[in-house]
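Subject: Structure for your review

Dear colleague,

Please find below the structure that I am handing over to you. A summary of the findings follows it.

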Amino acid sequence: MVKLGNLTISKIDKVTFGYEKLILDRLKLFDFAKSAIGEYCLSKADQLKGYDFQNFKGRFQTIKFRADREIKSIKYDQMVNIGNGFIESELSDAIFVLNIANFEQWILEILKIMIMQNPDMFEGDKKIDLSMIRESVDLDNLWERIVERYLIGLPYDGMKKMIERVVKIFEINKSVITTDHIGKINEYSQCRNLIVHNHKIVNEAYVRKSGKFARYKQGDSISINEKILFDEGDALLRFMQDIRNYLGKKVKKNP
């Protein structure tokens, strides 16, 4: 039986809230950036000369521009198209990747809290590096270093196994965290891997690891549009919210 005291639950809740805020803040940035570009360009639309890049060259320290070449101004209708293109590609890709990375880090942090309090949950290598013993201040510090070394390797098992580890370690009923929910988050993680490691081109690993939740076929180029970005945020935040609600009920049951 897992030990879930109120102090442990409070620590996990605080960590979870912090990561929820990180994810929400990035989605707010996306929403604001998209609105800001459109509204700014609309407010300047009557200025036929467009936006002048008069201070653009001065920001570079080492490269040289030809003296007879000017940085051309850009019309505001062009700026809307370019800006929206950036929002729907580079910015959405970056937020999508960072939100999955934060979700992964959140899992590692709450697992650390749980394993530190419940040593029987530890499933890592039982052998201890002698140098680790020498470098540790005391037994508590040694235990923390052992747990951290174990957790560093978990992401290599994939997002699906990491989430299943959370469900198992917290003894959460499948009616709270559904298999479909886990599958969707895992697919988002596979998309992250394609963006970071494969130039957004779908490979065999994505198809195999996503299973029935795969939304692309091998050879496709994925595109993270606004809907996909917020669907990802919704899935990640819902999972974190479910964990907080589940632990909240535990607090009420504790004496």
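Predicted model: local features only at pLDDT ≥ 70, side-chain atom pairs only at ≥ 80, totals over all residues.

Residues are numbered from 1 along each chain as its sequence is written, and side-chain values use heavy atoms, with hydrogens and water left out.

Helix packing

Helices are DSSP runs (H or I, at least four residues) numbered from the N terminus. Axes are lines fitted to C-alpha atoms over the stretch in contact, with angles from 0 to 180 degrees between N-to-C directions.

Helix 1 (residues 6–43) packs against helix 2 at an angle of about 180 degrees, and their axes are 9 Å apart. Helix 1 is therefore roughly antiparallel to helix 2 (angles over 145 degrees count as such; those under 35 are roughly parallel, 65 to 115 roughly perpendicular and the rest oblique). This contact comprises 22 nonpolar, nine polar and five charged residues. Here Ala, Val, Leu, Ile, Met, Phe, Trp, Tyr, Cys and Pro count as nonpolar, Asp, Glu, Lys and Arg as charged, and the others, Gly among them, as polar.

Helix 2 (residues 76–117) and helix 6 (residues 179–197) have axes that come within 10 Å and cross at roughly 125 degrees. Helix 2 is therefore oblique to helix 6. Contact (heavy atoms within 4.5 Å) involves residues including Phe96 and Ile100 of helix 2 and Tyr188 and Arg192 of helix 6. By class, ten are nonpolar, one is polar and three are charged.

The axes of helix 2 and helix 5 come within 11 Å, crossing at roughly 35 degrees. Among the residues in contact are Phe103 and Leu111 of helix 2, with Met162 and Val166 of helix 5. The classes are 13 nonpolar, no polar and two charged.

The largest pocket

A pocket is an open set of points on a 1 Å grid over the protein atoms alone, where a 1.4 Å probe fits, with protein on both sides within 12 Å along at least five of seven lines; lining residues have an atom within 4 Å of a point. The largest pocket holds about 270 Å³, a volume being the space filled by probe spheres set on the points, which are joined across faces, edges and corners. Of its 14 lining residues, Pro155, Asp157, Gly158, Met159 and Gln190 are the closest to the centre. Helix 5 (159–169) and helix 6 are the elements that give two or more residues to this lining, and helix 6 provides the largest share, five residues. By class, the lining has three nonpolar, five polar and six charged residues.

Yours sincerely
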